[in-house]
Amino acid sequence: MAFDPGFDITPTYDPLGFSYGPDTFGPTCELRTLDAIRPSLMDPACEGPEVVYAIAMDVGRRQDLPAMLERDLLYGAVTYSKGLLGTEPVRSQGHIHAVSPSCGASTCEVYEIWSGAAYIYMQESAKDNPGRCFAVYANPGDVVIVPPDWAHATIVGDVSQNLTFGAWCVRDYGFDYDDVRAHGGIAWFPQVEGGETKWLANHAYKPSKLVVREPRDYAEFGLRRGVPIYQQFIDNPDLFLFVSKPESAKGLWEGFEP
């Protein structure tokens, strides 16, 4: 991979998934198929890879699992096919993090790109008015935070490459797809034209503005640029409590920009 995630995990591409080192725990991957995400695509009848992405929720070093369990944290890894879904780059369907019983709130997610490139897309709401919309273009080693309650999707940023990333999430995570699906997808559809990604408004929503930007530092959360977010957990297991207990960072979510 282009970036070392900080523990022994390797993406595989045939089949799509992950292999784990002897000191790493991880599940059999859940495969998300094209048929499963069609309702959220601009062209639900499009052609594309049969398996769009593979998800390994709950991975890490065996010795770190007790600390994760104690803090209701989970580390997930996802790897994507390369290519197109019709005229869209390979992507996820988009969802909101459901309210987690452990904290009584929707929770954030902390992404870290390992290989390939990604647009981490997010919008304040999946109701008729999507509010502020952002697409953060991230390369290996870049970190992007999606705040609680926001609808978001992961989009392959370079369709000639597979995309792989890791993310800190709450352990009792849940995904709410209803409002995104009710609008036929996210508020802005990515389109690949002449090798570039452009954006087309989804008219099922009220008009909105999309801001495309590069990742920033998240010093206010105590994160260190260039250090794998898994290593940062090893160094300070309480660092990511804002993920499993979002109310602890309430002031940072107000007016948040990625």
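User: Which residues touch the most other members of the largest nonpolar core?

Analyst: This is a predicted model, so what follows describes computed coordinates. The largest nonpolar core holds 62 residues, and the members that touch the most others within that core are Val110, Ile145, Trp168, Phe221, Leu223, Phe240 and Phe242.

User: Which residues does phenylalanine 221 touch, not counting residues up to four places away in sequence?

Analyst: Phenylalanine 221 is one of the residues that touch the most other members of the largest nonpolar core. Once residues up to four places away in sequence are set aside, the residues touched by phenylalanine 221 are Ile145, Leu239, Phe242, Ala249, Leu252, Trp253 and Phe256.

User: How many residues are in the other core that lies apart from it?

Analyst: Cys133, Ala135, Ile155 and Leu210 are among the members of this other core, which lies apart from the largest one. The number of residues in this other core is 16.

User: What is the volume of the largest cavity, and which residues are the closest to its centre?

Analyst: The count comes to two cavities of 30 Å³ or more, and the largest cavity has a volume of about 240 Å³. Its lining is made of 23 residues, of which the closest to the centre are Val78, His95, Glu109, Phe165 and Phe175.

User: How many charged residues are in the lining of the second largest cavity?

Analyst: The second largest cavity holds about 130 Å³ of space, and of the 14 residues that line it, Val143, Arg216, Asp217, Arg224 and Arg225 are the closest to its centre. Its lining also includes six nonpolar and three polar residues, and the number that are charged is five.

User: What is the volume of the largest pocket, and how do the residues of its lining divide?

Analyst: The lining of the largest pocket consists of Ala105, Ser106, Pro147, Pro148, Asp149, Trp150, Pro246, Glu247, Lys250, Trp253 and Glu254. Among these, Trp253 is also in contact with phenylalanine 221. The volume of the largest pocket is about 170 Å³, and the residues of its lining divide into six nonpolar, one polar and four charged.

User: Why is strand 7 described as largely enclosed by the rest of the structure?

Analyst: In a regular strand, side chains alternate between the two faces of the sheet. In strand 7, Leu73, Tyr75, Ala77 and Thr79 lie on one side, while Leu74, Gly76, Val78 and Tyr80 lie on the other, and both faces are covered. Strand 7 is therefore largely enclosed, because the number of its residues that are buried is eight of the eight.

User: Which residue of strand 16 is the bridge partner of leucine 73?

Analyst: Strand 7 runs antiparallel to strand 5, to which five bridges join it, and the partner of tyrosine 53 there is tyrosine 80. Eight bridges join strand 7 to strand 16, again in an antiparallel arrangement. In strand 16, the bridge partner of leucine 73 is valine 170.

User: Which residue of strand 15 is the bridge partner of glutamine 123?

Analyst: Strand 15 has six of its six residues buried, so the rest of the structure largely encloses this strand. Ala151, Ala153 and Ile155 point one way from strand 15, and His152, Thr154 and Val156 point the other way. Six bridges join strand 15 to strand 12 (residues 118-123), and the two run antiparallel. In strand 15, the bridge partner of glutamine 123 is alanine 151.

User: Is histidine 183 buried or exposed?

Analyst: Histidine 183 is placed in the loop between helix 3 (178-182) and strand 18 (188-193). Leaving aside neighbours within four places in sequence, its contacts are Ala126, Lys127, Asp128, Asn202, Ala204 and Tyr205. Because its relative accessibility is 10%, histidine 183 counts as buried.

User: What is the phi of aspartate 149?

Analyst: Aspartate 149 has its place in the loop between strand 14 (143-146) and strand 15, and this residue also lines the largest pocket. Its phi is positive although the residue is not glycine, with a value near 75°.

Conventions:
Residues numbered from 1 in each chain as written. Predicted model: local features only at pLDDT ≥ 70, side-chain atom pairs only at ≥ 80, totals over all residues. Heavy atoms only, no water. Core = buried A, V, L, I, M, F, W, Y, C linked by side-chain atoms within 4.5 Å. Buried < 20%, exposed > 50% of the residue type's maximum accessible area, 1.4 Å probe, protein only. Contact = heavy atoms within 4.5 Å. 1 Å grid on protein atoms, 1.4 Å probe; cavity = no way out; pocket = protein on both sides within 12 Å on 5 of 7 lines; lining within 4 Å. Points joined across faces, edges and corners; volume = space filled by probe spheres on them. Nonpolar A, V, L, I, M, F, W, Y, C, P; charged D, E, K, R; others polar. Helix = DSSP H or I, 4+ residues; strand = E, 2+ residues; numbered from the N terminus. Pairing = 2+ DSSP bridges.
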